[in-house]
Amino acid sequence: MTAPVTVRPCTAEDRDAVVALWTACGLVVPWNDPAADFALALSKTSSTVLAAVEDGRIVATAMVGQDGHRGWIYYVAVDPALQGRGLGRRMVAEAESWLTAAGMPKVQLLVRETNQPVLAFYERLGYAKSPVTMMQKWLTNPSL
């Protein structure tokens, strides 16, 4: 019998397992260092990485944070062998609860253009495309 899945905030010791999960899920890109993203999220009181743990193993994650005006969710990942069990839905709900507790009235997330199949997942959870254009500027030189 499988142990129940519990969700908890990550600790620094979880880094390698989390980065491995993000990599297995295809969320890692050359211009973002996932280990640095993980460490930065854990270093601030305005963000964290939540982990779903089953039988002592991290099987899903969601990075969550807030900027004082809105909440953000990143790196929603579920072990590919366990997808379809509701873990992604649970991680989004856990992230939304974290943001609600932080007083955020709104949550946003970004979906890479290369990850179009996930749009239907978020739409089923009540998310809608926003009529905005995201712009960016690197303040450091990303390693490409």
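The largest nonpolar core of this predicted model has 22 residues, and those with the most contacts inside it are Ile73, Leu87, Val92 and Tyr122. Five elements each supply at least two residues of this core: strand E2 (47–54), strand E3 (57–66), strand E4 (71–78), helix H3 (87–101) and helix H4 (118–124). The largest share, 5 residues, comes from H3. A second, separate core of 14 residues includes Leu21, Trp22, Phe38 and Ala41. In soluble globular proteins, nonpolar side chains tend to be buried together.

Helix H2 (residues 34–43) comes next. Its buried residues are Pro34, Phe38 and Ala41. These residues cover an arc of only 65° around the axis, so they lie on the same side of H2. The buried residues of H2 pack against helix H1 (15–24) as well as E2, E3 and E4. At the start of H2, the backbone nitrogen of alanine 35 has a side-chain oxygen of aspartate 33 within 3.0 Å.

The strands can be followed through E3. Of the 10 residues of E3, 8 are buried, so this strand is largely enclosed by the rest of the structure. E3 pairs with E2 in the antiparallel sense over 8 bridges, and 6 bridges join E3 to E4, again antiparallel. Glycine 65 of E3 is the bridge partner of serine 47, and it also stands opposite tryptophan 72 in E4. Each hairpin has a residue with positive phi: aspartate 55, near 50°, in the hairpin of E2 and E3, with 2 residues between the strands, and glycine 68, near 95°, in the hairpin of E3 and E4, with 4 residues between the strands.

Definitions and conventions:
Residues numbered from 1 in each chain as written. Predicted model: local features only at pLDDT ≥ 70, side-chain atom pairs only at ≥ 80, totals over all residues. Heavy atoms only, no water. Core = buried A, V, L, I, M, F, W, Y, C linked by side-chain atoms within 4.5 Å. Buried < 20%, exposed > 50% of the residue type's maximum accessible area, 1.4 Å probe, protein only. Arc of directions from axis to C-beta. Contact = heavy atoms within 4.5 Å. Polar contact = N/O pair within 3.5 Å; in protein donor to acceptor, adjacent residues only side chain to side chain. Pairing = 2+ DSSP bridges.
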